[in-house]
Amino acid sequence: MGLAQTQEVLAQLYTNTDFRERFFANPETVGAELGLSCDEAQKLAQLSAKEVNIFANSLKWKRLGEVRELLPRTARALGKNFTALFWRYAQTHVPKGIKKHREDAIAFANFIAIPEEENLDPPWISDLVRYEKTWLLAYEPTSRLIVCWFRYPVGIASAKEMKRQPTIAIWFRFSKQSQLRHIVRSL
C-alpha cells in the first residue's frame, strides 16, 4: 500500500461514518473493496476504533465551527437546529480543495435551503440561507455582478422584523482587484 492509498483510506476512516463502521466491523472485506491486501487491512484495523471516532468527531466539530463563521445569521436564526442539520449534512459530504471551508458552507447552504425536505421554520430562513450563500459566491474574485430577489428583507438583523416584503440584493465589483460592493433594498 503506497502513501497515497494509505492517506485515502485514513481520510475515509476519519470522515465517513458509514465507511468507518463497516471497516471496523469487517476490515478484510472493506479493505478488499479498496484494493488492500488482508495484511494491510489488518494493520489498519489495529487502529483504535474509539480513538478514530474521537478524532473524526473533532474534525466534524472543527468543520461546524468554520461553517458557522461563514453562515453567522443562519446559525443564529436556526440555533440548535443548525448543529443538528450540519451533522446530517456531514454524513454525506466531505469538503475538498484549497477553499474547502467556503465550499463546505456553500454545500451546506444548498443542503438546508431545500424547504420541502427540511421544513425550515420560519419560512424566511431559506431566504436568509440563500442570501448568505450568495455572499460567499460573490467573494470569488471572478464574480463581478450577482443580483438576487428574496421574499423577505434579508438585509435586516432582527428576526422580529422579518415580514414578507420583496427585496433585491446586488453584489458587484468594478474589476477583479476592486472591493466587493453590496446593496439591499426592500420594495
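Helices (H or I, at least four residues) and strands (E, at least two) are DSSP runs, numbered from the N terminus. The model is predicted: local features need pLDDT of at least 70, side-chain atom pairs count only at pLDDT 80 or more, and totals for chains, interfaces and linings use all residues. Residues are numbered from 1 along each chain as its sequence is written, and side-chain values use heavy atoms, with hydrogens and water left out.

Threonine 74 sits in helix α6. Burial is judged by relative accessible area: under 20% is buried, over 50% is exposed, and values in between are partly exposed (1.4 Å probe, protein chains only). At a relative accessible area of 0%, threonine 74 is buried. Its side chain makes a polar contact with the side chain of glutamate 132, at 2.7 Å. A polar contact is a pair of N or O atoms within 3.5 Å; within protein, one must be able to donate a hydrogen and the other to accept it, and residues adjacent in sequence count only if both atoms are side-chain atoms. Contact in the wider sense means heavy atoms within 4.5 Å. By that criterion, and not counting residues up to four places away in sequence, threonine 74 touches Phe82, Ile112, Leu128, Val129 and Glu132.

The nonpolar cores come next. In soluble globular proteins, nonpolar side chains tend to be buried together. A nonpolar core is a set of buried Ala, Val, Leu, Ile, Met, Phe, Trp, Tyr and Cys residues joined through side-chain atoms within 4.5 Å. The largest such core holds 24 residues, of which Val67, Leu71, Leu78, Phe82, Phe86 and Phe108 touch the most other members. At least two residues of this core come from each of α5 (49-70), α6 (72-78), α7 (80-90), α8 (100-112) and α10 (125-138). The most is given by α8, with six residues. Leucine 71 contacts Phe82, Ala105, Phe108, Ala109, Glu132, Lys133 and Leu136, leaving aside neighbours within four places in sequence. Another core, of nine residues, lies apart from the largest one; Ala138, Ile146, Phe150 and Leu180 are among its members.

Leu145, Val147, Trp149 and Leu187 make a nonpolar surface patch of about 450 Å². Patches are made of residues with over 30% relative accessible area and no salt bridge; like charges are joined within 9 Å, and nonpolar side chains (Val, Leu, Ile, Met, Phe, Trp, Tyr) within 5 Å. Accessible areas come from the Shrake-Rupley method with a 1.4 Å probe, and for residues only the protein chains shown count as cover. Leucine 187 lies in the segment after β3 (181-186). Its relative accessible area is 60%, so leucine 187 is exposed.

Charged pairs were then examined. A salt bridge is a side-chain nitrogen of Lys or Arg within 4 Å of a carboxyl oxygen of Asp or Glu. By this rule the count is seven. One of them joins the side chains of arginine 22 and glutamate 33 (3.2 Å, N to O). That pair links distant parts of the chain, eleven residues apart: arginine 22 is in helix α2 (residues 17-25) and glutamate 33 in helix α3 (residues 27-33). Arginine 22 is partly exposed, at 40% relative accessibility. Glutamate 33 is exposed, at 51%.

A second salt bridge pairs arginine 102 with glutamate 140 (3.4 Å, N to O). Arginine 102 belongs to helix α8, glutamate 140 to the loop between α10 and β1 (145-150), 38 residues apart. Arginine 102 is buried, at 15% relative accessibility, whereas glutamate 140 is partly exposed, at 23%. Both residues belong to a network of salt bridges that links Lys99, Arg102, Glu103 and Glu140.

Aspartate 127 and arginine 151 also meet in a salt bridge (3.3 Å, N to O). Here helix α10 supplies aspartate 127, and the loop between β1 and β2 (167-172) supplies arginine 151, 24 residues apart. Aspartate 127 is buried, at 2% relative accessibility. Arginine 151 is partly exposed, at 33%.

Threonine 167 lies in strand β2. Its relative accessible area is 0%, so threonine 167 is buried. A polar contact of 2.9 Å joins its side chain to that of serine 186. Beyond four places in sequence, contacts of threonine 167 include Cys148, Trp149, Phe150, Val184 and Arg185. Isoleucine 156 lies in the loop between β1 and β2, with its C-alpha atom 9.9 Å from that of serine 186.
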